[in-house]
Amino acid sequence: MATKESSIAAVAPPITWEEEEAALPTESLSQWQLAWRRLRRHRLAILGVFVLVFFIMVSALASVNIGSIRFGLAPYEFDAIDLNVSFSGPTPEHLFGTDQLGRDTLTRLLHAGRISLSVAGIATILSVIIGVIIGAVAGYVGGRAETILMRFTDIMLTLPVLPLLLIASKSLREMVALQQLFGQLLSVIVIIAVITIFGWMTVARLVYSSVLSLREREFMEATRALGASGKRLIFNHLVPNSLAPIIVATTLEFGAIVVYEATLSFLGFGIMPPTPSWGNMLTDVQRFVLRSPWMAFYPGMCIFLTVLAINFLGDGLRDALDPRLKI
Amino acid sequence: MTKFIIRRLMLAIPTLIGITLLSFALQRAAPGDPVRVMTFAAPDISPEEITQLRHQLGLDQPLPMQYLVWLGRMARLDMGRSYITHRPVSEMIGERMVNSLTLTATALLIALAIGITAGVYSALKRGTWFDNLVRVFAVLGNVVPHFWLGLVFILVFSVKFRLFPSGGITTLGKAGFDLFDRLWHLIPPVVILATGGIANYSRYMRTETLEVIRQDYIRTAYAKGLVQRTVLFRHALRNALIPLVTVLGGSLAGLFGGALIIENVFSWPGMGRMAYDAVLQRDYPVLMGLLVIGSTLIIIGYLLADIAYAIVDPRIKHE
């Protein structure tokens, strides 16, 4: 017994950044200001932000067409076919080369980025909203609703997701009524829908466990005593207090969805040509691998760099918001 | 514990019914007709023959009835026959499962061996070049889209340097079983599959080891005068491995289910590839069979992980 105590006393616990920061004289800063300050010091996260902003800007500006204002970074139309220059390597006219139909790769990359990033963005926001609602309600209400919702979440987590995604996206895309309703946009809407349906569970579980631990805290009791409604308790108190893990999970989710969309489009079950996406630009690569190996390079690099940047940002956010988080 | 297992298995039944019902409804809601696919090679088939074929397959019955008929057969473990090959679905799945298992089991074993070693070692050598290398690899291996990595692998090693075949399980036209040829075809998909696993396991083991070696009982073990090796293997590693068991639950499920994406990139005739083809060809019996088998394996995988978790860590009790 004595040896154990003395050994604990002998080794001083390492100084964590929390203590370090507490020891420094600081002006009073809000939780968010402190987080921002920590994030700024995270060099990789800032690099990630720059890369992301770059990708978003260039693909948003691929071609702008508002009223009389017409300009764009993309040198060609995204579906402009020129069979005279098919499979061209990098040339002054086509900086990144062309594909089998002579379409300019740079142009298609910019337009594809637009589709891929907005699909991932929308699907992320939708699945986070669903996840937050289900997790928060299950955690707060408890009882029967909790059992049903979390059982459902568990079941969704053990599905063979990929085959189901293929079935769902193929069937939905072929429904005549939906085709008439959405026309060209159908494959984009279907992919957003199926990714959302199979993508909200992680956030739901996260919010659920966070709400469970917050539910019994004193400030909740105080709020309840003041007569706040259940809706107010959930969305004004519980959700904001579990915001840190939600934000981190959202960034990581976005990265995962970018890869998901690319994979599905690559397999021919996502965004359908002629609309370009980073994934479907890789679909034909295997057929033309001998003629133009560089066709595989650029779209893959775009996906890779985007997801890498998001992960850096996610790591930075986790450290900045709450270093104890384990996601 | 027995009660826990039974309850979990009971829960599997509504899950399976839900999955199959949902995918059945989705498949049938789409226009198109498997009879069209089946008779694609025979354009001069008469409308009477088509009607008869539909009747034979039971496709002329109302949809709920069709589902119940399928469910009834499934309960007697009869998965029906493929619309395309006309062979029993169970037989086809059996063949494909062996191929998938060869691929996924090899990749899993390699990933575990390298991942655990690298993770533990990098935690012990924290801050060295090796640690940094492992961490960079863990990030990159997790982030890179695996299908693209496969494409690049084919581009570099199969097309450019001609070191490996670009796909398939054997060289075409080769008769008999040739172990060397098999292994040679196995390497590319295994490398890609293992990359993700190594990245995951090494990151996991690194975090866990760092956590464990800070614990009091490790300090006690050193204080007792044990040599480092004993402390590491007897005390640290055993505890650091516990959380990995839960992660393995998911890997176990993927073991039999195959790897849909990688199998497609490398034209590997496994269950994932089979599911992909079945979706495209509207081979409903095959697809439904695959979904049942796949979901069952996932459920069993997670169940085994939970049981194993309770065995390696006696503090955990399943109610």
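User: Why are helices α5 and α12 of chain A called roughly perpendicular to each other?

Analyst: In this predicted model, the axes of α5 (residues 105-141) and α12 (residues 230-241) of chain A cross at roughly 115 degrees and come within 11 Å. The axes are lines fitted to C-alpha atoms, for helices over the stretch in contact, with angles from 0 to 180 degrees between N-to-C directions. Angles of 65 to 115 degrees count as roughly perpendicular, under 35 as roughly parallel, over 145 as roughly antiparallel and the rest as oblique; α5(A) and α12(A) are therefore roughly perpendicular.

User: Which handedness does the crossing of α5(A) and α12(A) have?

Analyst: The crossing is right-handed. That term applies if the near helix is turned clockwise from the far one by less than a right angle, and left-handed applies if anticlockwise.

User: What makes A:Glu174 and B:Arg282 a salt bridge, and which elements hold them?

Analyst: Their side chains meet at 2.9 Å, N to O, inside the limit for a salt bridge (a side-chain nitrogen of Lys or Arg within 4 Å of a carboxyl oxygen of Asp or Glu). A:Glu174 lies in helix α7 (residues 161-174) of chain A and B:Arg282 in the loop between α12 (271-281) and α13 (284-312) of chain B, so the pair joins two chains. A:Lys170 is linked with A:Glu174 and B:Arg282 in a network of salt bridges. Over all chains, the structure holds 12 salt bridges.

User: Where do A:Asp315 and A:Arg318 lie, and how are they classed?

Analyst: Both lie in helix α14 (residues 297-321) of chain A, three residues apart, about one turn of the helix. Helices are DSSP runs (H or I, at least four residues; strands are E, at least two), numbered from the N terminus. The two side chains form a salt bridge at 2.3 Å, N to O. A:Asp315 is partly exposed at 24%, whereas A:Arg318 is buried at 16%.

User: Why is A:His94 called buried?

Analyst: Its relative accessible area is 8%, which falls under the 20% limit and therefore counts as buried. A:His94 lies in the loop between β2 (69-71) and α5 of chain A.

User: What makes the nonpolar surface patch of chain B, and how is B:Ile17 classed?

Analyst: B:Ile6, B:Met10, B:Ile13, B:Ile17 and B:Leu21 make a patch of about 460 Å². Patches are made of residues with over 30% relative accessible area and no salt bridge, joining nonpolar side chains (Val, Leu, Ile, Met, Phe, Trp, Tyr) within 5 Å and like charges within 9 Å; the areas come from the Shrake-Rupley method with a 1.4 Å probe, only the protein chains shown counting as cover for residues. B:Ile17, in helix α1 (residues 2-29) of chain B, is partly exposed at 35%.

Note on methods
Residues numbered from 1 in each chain as written. Chains lettered and ligands numbered in written order. Predicted model: local features only at pLDDT ≥ 70, side-chain atom pairs only at ≥ 80, totals over all residues. Heavy atoms only, no water. Buried < 20%, exposed > 50% of the residue type's maximum accessible area, 1.4 Å probe, protein only.
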